[in-house]
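Dear colleague,

I am passing the structure below on to you, together with some notes on what was found in it. Please read the notes with the structure open beside them.

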Amino acid sequence: MKSVVGKLLVLIASVSVILGTLPACTAEKESDDDDSDKSEQEISDEKSYYKIKHVDISPKIDVKMASSGKEIFETKCSACHKYDERYVGPPLGKVTKRRTPEYVMNMIMYTETMLDNDDTVKSLIQTFMLRMPNQNVTEQDARNVLEHLRDYAQKN
Ligand code: HEC
């Protein structure tokens, strides 16, 4: 009889331990999840689909990069983009005044992703009735084109 009571006590004790820890575990897990949701949301506010997350730019134009970017612009972009008027695509002479460096870099390098995910670009597709093709530009070349467009926007 004694040992049965003993076993029962052990059982009750372990059940209460389990019951006591279970909610604590769940609560902890939930708050972990909350944290990860929050950080995901912070990134998605910065446009989660941007593959290039941050572009370093300095207020001073890098003349070498800009002149290399001008050549790339003339060979790979000017078939569709002019500086100051609408053509096959929107004018780009002042694009750096209306868009972020990250937007421009992603648009050049990850064109399809931007066309599929970015609301601004989606509405441009409606206007221009064409999906800009990826121009297969390296990151350095894309960065040079950005520098050229920044240079153009500052001077004009
Ligand atoms: C075959 C035509 C074509 C070529 C070549 C082209 N684009 Fe585009 N681009 C477009 C079109 C059309 C749009 C508007 C979005 C859409 O409809 O896809 C656009 C949009 C853009 C935008 C967004 C403009 C805005 O106002 O937000 C940028 C930036 C851009 N292009 C940069 C470039 C650069 C840089 C090159 C060269 C490396 C280039 N594009 C080559 C057709 C082209």
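Does N136 count as buried or exposed, and how many C-beta neighbours does N136 have inside 10 Å? N136 has 10 such neighbours and therefore counts as exposed, where exposed is defined as 12 or fewer other C-beta atoms within 10 Å of the residue's own, buried as 20 or more and partly exposed as in between, with C-beta atoms placed from the backbone.

Please bear in mind that this is a predicted model, in which local features need pLDDT of at least 70 and side-chain atom pairs count only at pLDDT 80 or more, while totals for chains, interfaces and linings use all residues. Residues are numbered from 1 along each chain as its sequence is written.

The chain has seven helices and zero strands (DSSP runs numbered from the N terminus, H or I of at least four residues for helices and E of at least two for strands).

The loop between helix 6 and helix 7 holds N136, whose phi is near 50°, a positive value in a residue other than glycine. M129 lies in the loop between helix 6 and helix 7 too; it comes just after helix 6, with a positive phi of about 55°, and because it has 7 C-beta neighbours inside 10 Å it counts as exposed.

Around the ligand there are 27 residues, of which C77, C80, G89, L124 and M132 come nearest (a residue is near if its C-beta atom, placed from the backbone, lies within 6 Å). Helix 6 supplies the largest share of this shell, five residues, and by class the shell has 20 nonpolar, four polar and three charged residues (Ala, Val, Leu, Ile, Met, Phe, Trp, Tyr, Cys and Pro being nonpolar, Asp, Glu, Lys and Arg charged, and the others, Gly among them, polar).

Helix 4 and helix 7 (residues 139–155) pack at an angle of about 130°, with their axes 10 Å apart (axes are lines fitted to C-alpha atoms over the stretch in contact, and angles run from 0 to 180 degrees between N-to-C directions). The contact includes V104 and I108 of helix 4 and A142 and L146 of helix 7 (C-beta atoms, placed from the backbone, within 7 Å), and its residues divide into nine nonpolar, no polar and two charged.

With best regards

Technical notes. Contact = placed C-beta atoms within 7 Å.
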